[in-house]
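Biologist: I'm new to this one. Can you put the structure up and walk me through it?

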Amino acid sequence: MIVECTNDNIETVFDYIGQDYGKCLYIFIDLKKYGLDDENFNVWIQYDDDKICAIISEYYGGVQIYSKSEDLIIEEIVEFIKQKDTKVLFSIKPIIDKIKEYLPDYEQETGIVGELEELIFEPDLKAYSAPVEELEEIVRIVSEDEGIGKPYGFDSLYSQYYERKTTDFGRNFVLRDDDNEIICHAGTYAELPELAVIGGVITSIPYRGKGFSKGTLSALCSQLKSENKRIFSYYYIPSATKMHTSVGFKQIEEWSKLSKIEQ
């Protein structure tokens with residue numbers, strides 16, 4: 001049985017998640033940040049008799065699923081997804097693998113969710129936390145990257161970065177060259193007092209392969225660690241996996257998304 005979450009049982013959801021943040025980061029973060037007051041964010045609880053077996057969230061049409069023991073009722077979840085006409089679905093790979101069998105019109109992409117275990121790469125001392133006045137320059141660089149920012153476009157990306165920055169929900173570390181041009185960026189896409197999620201790690205093409213990304217990411221992580229935050233990141237390609245591993249990230253779980261194939 002799938003029941004919509006209300007303010008009366010938000011704490012039930014948090015108790016179920018505990019500190020298992022890595023497998024449901026955005027369910028936890030969005031529920032902490034928005035509660036249930038944002039019309040674009042909704043949460044449901046799936047029960048097997050009286051026992052919780054899954055938490056489902058939806059934010060702007062994207063659905064994320066978390067199940068502590070992976071004992072969710074798949075057929076009921078699939079019916080929920082079909083009724084919602086969900087375009088994008090996220091969860092750990094074992095759960096997505098089970099759901100995918102029932103959704104042939106979706107394509108699957110798999111990466112890794114990692115957590116910083118110990119910082120093992122020396123921070124670049126020239127990397128710094130950029131003020132809001134430098135956001136336009138940062139976004140211009142990130143929005144030109146095919147894999148990270150280009151799909152969003154400059155205006156949308158700037159709005160996202162500005163909101164995060166001005167609400168203390170994100171920060172941006174940059175590294176500049178001798179001509180004062182930004183050559184590397186590493187930021188956070190979401191922050192709470194207890195955790196942060198890394199995003200937007202990018203280095204200008206002429207400077208790649210020289211350790212600048214690792215140094216900038218390490219500088220960001222060093223600051224976050226000084227604030228006693230747990231630090232997480234998603235990465236999907238071998239080069240990103242290598243970079244995160246070199247800094248000190250360890251894999252928590254394989255992470256998958258299903259995207260509906262447009263007909």
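Biologist: Which strands does helix H3 lie across?
Modeller: Helix H3, residues 74-84, lies across E1, E2 (41-48), E3 (51-59), E4 (62-66), E5 (88-92) and E6. Helices (H or I, at least four residues) and strands (E, at least two) are DSSP runs, numbered from the N terminus.
Biologist: At about what angle does H3 run to E2?
Modeller: About 155 degrees. Axes are lines fitted to C-alpha atoms, for helices over the stretch in contact (heavy atoms within 4.5 Å). Angles run from 0 to 180 degrees between N-to-C directions.
Biologist: What should I know about the model?
Modeller: This is a predicted model: local features need pLDDT of at least 70, side-chain atom pairs count only at pLDDT 80 or more, and totals for chains, interfaces and linings use all residues. Residues are numbered from 1 along each chain as its sequence is written, and side-chain values use heavy atoms, without hydrogens and water.
Biologist: How many strands are in the sheet?
Modeller: 12, in an open sheet with mixed pairing. Two strands pair if DSSP finds at least two bridges between them. The edge strands are E1 (2-4) and E7 (128-129), each pairing on one side only.
Biologist: How do E6 and E12 run, parallel or antiparallel?
Modeller: Antiparallel, joined by 11 bridges. Isoleucine 112 has glutamate 254 in E12 as its bridge partner.
Biologist: New topic. How many disulfides?
Modeller: 0 (a disulfide is a pair of cysteine sulfur atoms within 2.5 Å). For cysteine 5, the nearest cysteine sulfur is that of cysteine 24, 13 Å away.
Biologist: Is cysteine 5 buried or exposed?
Modeller: Buried, at 6% relative accessible area. Buried means under 20%, exposed over 50%, partly exposed in between (1.4 Å probe, protein chains only). Cysteine 53 is buried too, at 0%.
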